[in-house]
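User: I would like to learn how the words used for a structure follow from its values. Could you take me through them with care?

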Amino acid sequence: MWFVRFLTSSIGKKWLMAVSGLLLLLFLGSHIAGIATLYLGSTAFQSYAEQLHSHMLFLSLFRIGLLLLFMIHISTGLFLFYQNRKARPNPYRISVRVATHSLAAHAHGIRESLPLAARTMPYTGLLILSFIIIHIFGFSFGPQDVPVAKTVVTLLRSPAYGLLYIFSFTVLAMHIHHGIWSLLQTLGLSHPRFTVFIARMTTILPIFFLIVAGGIPLLLVCGVDL
Amino acid sequence: MQTIDLTLQIWRQKNSDAPGDFETYTLKNISTAMSFLEMLDLLNENLTLQGQEPVAFDHDCREGICGMCGAMVNGIAHGPQSETTLCQLHMRHFNSGDTLVIEPFRSRAFPVKRDLVIDRSALDRIIQAGGYISINTGGAPEANTIAIPSPTAELAMDAAACIGCGACVASCPNGAAMLFTGARISQLSLLPQGQPERKERALAMVMAMDKEGFGNCSNERECEAVCPKAISIRHIARMNREYLSASFLGE
Amino acid sequence: MELRAHIPPGPLAQKWDNHRFASGLVSPANRRKFKIIVVGTGLAGASAAATLAEQGYQVSAFCIQDSPRRAHSIAAQGGINAAKNYQNDGDSVLRLFHDTIKGGDFRSREANVYRLAQISNGIIDQCVAQGVPFAREYGGTLANRSFGGAQVSRTFYARGQTGQQLLFGAYGALSRQIKTGRLTMMTRREMLELVVIDGCARGIVTRNLINGDLENHPADAVILATGGYGNAYFLSTNARASNATAILRAWKAGAGFANPCFVQIHPTCIPAQGTYQSKLTLMSESLRNDGRIWIPKIVGDRRDPASIPENERDYYLEEKYPRFGNLVPQDVASRNTKEHCDAGKGVGETGLGVYLDFSSAIERDGAAVILKKYGNLLQMYEKITTRDPLQEPMMIAPAVHYTMGGMWVDYNLMTTIPGLFAIGECNFSDHGANRLGASALMQGLADGYFIIGTSIAHYLSTTPLDYVTPQHVGFLEAQMKCHDRTQRLLHNNNRITGKKVTVDTIHRELGRLLWEHCGITRNRIGLEQALTRLPDLREAFWSQVCVPGTGNELNQSLERAGRVADFLECAEIMVRDALTRVESCGCHLREESRTAEHEAKRDDDHYAHVSVWEYRGEEEPPIMHKEPLLFENINLSQRSYT
């Protein structure tokens, strides 16, 4: 079967990571758009949440799909991580990373800002996973009798949770900083003409997400009433 | 002539089955005009006269084109100078008193044969899987019947400059051979002569690469950074593209 | 030793056709019954192995490196000649033939060279079809550059890496045959003995360089493609593993060694910087198009080149050869440079170099133009020497580059041992006393792709051969010889001579001796001196050389020791040959044979022949045979550049 052969190949597995990552990124975009309604006030957010929950069938399918995507992304990622470790059974005594900026980016005078991001993908991924679990238990499975907007605002107003929220989005920003570039490369979408644009997007987009999502707890903790 | 003294920590391993370990040597009066391999020659001359076994290391052309030499020098494949093979690395880039840790290129697919000598035949097997154009001797058309735009030829040449030294694999955190494989697939997919076997080639070469036990690419660009011929990871992207289209749109 | 060249009859242009028609064939179904051994996987070896396997023979190819892709053909920079006449500048097969014969100073065979010129076009077709990324014009057609020794642009190139790209083409073809299973690739093997049974070459004994095993490989024919012996000089542009062991074993087994003294010395290399130097790096000759060669007039002038005024500079080539100036042929440039360095006028720390100055060209065309023309070469120079040739003159020195001499072969490329063929640099056939730039690649591929197939088929179809096994007494004897030799090398350690030397020490000394006496300029006294000193050096080697380790492991000292032992013997044949050739020709100047202007003088009356040396045992000196060279299609002319 060509598809099995494809998925078990190294590039196939990377493709799986890239495609699931891309879809998760799209979900993140829509999710952030939803969260952003909080800036318009709790009422707007509450009505967004209620709108969403009124399409139960759609939501359930969406949730199952999302769960599947996460499972694929995480399990493939862990499997790749395991395989990659196996590829060098005897580690080096000294190992230095030299790709502080890629040659392509260098040619355009752009420094890759976070080589750390590339090297910590499995770890940032796992951090994000643990955050998602906390997040789901806090918000989605929060008290049923309280409006969800109130739960969210209450939780995010607590400095500890607010900080965790901001920290997690920073980690997420790092993860997708490398993720965006990596998925384009894996899908073969690379051309010198767009190198600069892609390099910029991999920084601008995660920071934009971070500002939108991180701004909420920041405002709340600072005492702004939403 | 300026000279320096160095402390060398070199991986010594009798053969593939024997366990290996680092040995420390001090080497004095190294001319800064020497190449790294000439420095090792000097060490070996001294060791030989002292009745010890010299350090085995691979080398041949000593002008940076054959791809035979290579070792990790303080954690960097081919040492600290970019776009330079070990044989073209000169000792003036080091300071007297430095300690150099010299290790063989490591990967599951590159077993150590002795000291710094490794077996890179896995790379040959990737090429054997399809890294060529199937044309019998004598069956070629007149050369100028195949017109190739100069920029395409130049791009193919960029990829074709690969010397097969294995530094990309050695420096990849995952021990992946994507840059090596990508360069060859990319070169042949760019040229009109490579079109008939284009899909089959991408499938076969990637399969051979996976079979050898190389790791997977995580786009960390270390390969490109150490490549003595500055081969761009664009060629990995092109390989990915070739492989995807061959998988989804092949027969 | 009988030297029958088997030149086919007929007019020059029809000889190859006639020959192919007259040659025997092996039918496709029968080819798989024959086993062919190819030693070496450079351009000649890889192309031959791939082509023969394609035709259906069982082929075993051997290389000394870890991969066939590493052979030293890879280092050829400039390009490959072919008589395509794409530039419409008057090129033709006849002109390429003329240029090659004349460039070789009339010491090669007409028929062979004509065939080479005829085949040259097919090579380009073949390589393009293999995906070799040759440089292109903007219209997409192939580009050409001009090269020394020719007035037409006929050189095809792939940046400064033509050899690499052609080799990858042949390596691809080889890899394809490995996949089909018709070709067995044996890497990290060194040929230590040729096995001759009933007068025919029937196989080789190799040492597995990883575990030291001696292995017997029987075959129906053996093809040597082991390159040149330039490393006898220690310092050369050859790769470190290039050696003369295979051809020397073949010589001792009865193959004639032709023109051993014909060695090409390239004028533009980076000078040696110290005694530790292990290798010389070539800089393309094209640099002489824009660089002016000079030295300080005052002996021992150690001033910075920039502070030496114009009137104290000696532009010796421009002054001596006003017509050609800095573009005199390689040998003339090398010779004059060496003469000046010997007189103490050389520059640089070692006094072995001369200046190659781009300042006039920069003044005339601007630095940008020069950088565009020679950018990669200038960078390479800067990387090695840390000096910027745009700011100060480059330093260059002559270095051993190529050996025109080699195994004597007939028109079939067969040596004097039936069934033993020699192709590429390891034979003598096409370059005479001097090789033109961009012709080595052409010859290697011509031999491998297009000639050897015909020869092998003819040999196999006309020679009855019995089946031999690896246990044949011939193999056992050969293996014993290898074993004894290895033991002899290893047990030098235990000999109490009081003095230990390393292999490289002896090799360096051998190199100096050859360079001094059997290099660019030679004379009887020097050569005789060398001949008396060589046995001492050999004695020193065998009694003092220190080879650590054992024979049944990866032992690079042992490998090198074996090769140097053979270089020591090879050197003797070179010197003997140089002694007998009392004429200046091609790459070398014999001091006894000079014109009134002190230039090289060829002596066609006495030396228009190939000198072929026959081995007659350890006790007897080798004897020389002559193959007279007849020139029916070209007029012998004396070169003159003054």
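Analyst: Let us begin with a pair of helices in chain B: the axes of H3(B) and H5(B) come within 8 Å of each other and cross at roughly 160 degrees. Here the axes are lines fitted to C-alpha atoms, for helices over the stretch in contact, and the angles run from 0 to 180 degrees between N-to-C directions. Helices (H or I, at least four residues) and strands (E, at least two) are DSSP runs, numbered from the N terminus. Please keep in mind that this is a predicted model, in which local features need pLDDT of at least 70 and side-chain atom pairs count only at pLDDT 80 or more, while totals for chains, interfaces and linings use all residues. Residues are numbered from 1 along each chain as its sequence is written, and chains are lettered from A and ligands numbered from 1 in the order in which they are written.

User: Why are H3(B) and H5(B) called roughly antiparallel to each other?

Analyst: Angles under 35 degrees count as roughly parallel, over 145 as roughly antiparallel, 65 to 115 as roughly perpendicular and the rest as oblique. The axes of H3(B) and H5(B) cross at roughly 160 degrees, and the two helices are therefore roughly antiparallel. The crossing of H3(B) with H5(B) is also left-handed, a word used if the near helix is turned anticlockwise from the far one by less than a right angle, with right-handed used if clockwise.

User: Which residues make the contact of H3(B) with H5(B)?

Analyst: Two residues are in contact if their C-beta atoms, placed from the backbone, lie within 7 Å. On H3(B) the contact is made by Thr152(B), Leu155(B), Ala156(B), Ala159(B) and Ala160(B), and on H5(B) by Ala183(B), Ser186(B), Gln187(B) and Leu190(B). By class, six of these residues are nonpolar, three are polar and none is charged, where Ala, Val, Leu, Ile, Met, Phe, Trp, Tyr, Cys and Pro count as nonpolar, Asp, Glu, Lys and Arg as charged, and the others, Gly among them, as polar.

User: What makes H7(A) and H9(A) oblique to each other?

Analyst: Helix H7 (residues 121-140) and helix H9 (residues 159-186) of chain A pack at an angle of about 140 degrees, with their axes 9 Å apart, and they are therefore oblique to each other. Their crossing is left-handed. Among the residues that make the contact are Met121(A) and Phe131(A) of H7(A), together with Val171(A) and His178(A) of H9(A). This contact has seven nonpolar, five polar and no charged residues.

User: How many helices and strands does chain A have?

Analyst: Chain A has ten helices and zero strands. Its C-alpha atoms fill a box of roughly 55 × 45 × 40 Å, taken along the principal axes, and buried residues make up 28% of its 226 residues.

User: Why does Cys426(C) count as buried?

Analyst: A residue is buried if 20 or more other C-beta atoms lie within 10 Å of its own, exposed if 12 or fewer, and partly exposed in between, with C-beta atoms placed from the backbone. Cys426(C) has 30 C-beta neighbours inside 10 Å, and therefore counts as buried. Cys426(C) lies in the loop between strand E18 (420-422) and helix H12 (440-462) of chain C. Leaving aside neighbours within four places in sequence, the contacts of Cys426(C) include Leu224(C), Ile247(C) and Met407(C). The C-alpha atoms of Cys426(C) and Ala44(C) are separated by 9.6 Å, although these residues are 382 residues apart along the chain.

User: Which two chains have the most contacts among the two pairs that touch?

Analyst: The most contacts are between chains B and C, where 66 residues of chain B are in contact with 65 residues of chain C. The largest share of the side of chain B that touches chain C, seven residues, comes from H1(B). By class, that side of chain B has 31 nonpolar, 20 polar and 15 charged residues. Turning to the other partner, 42 residues of chain B are in contact with 37 residues of chain A, and H8(B) gives the largest share of that side of chain B, nine residues.
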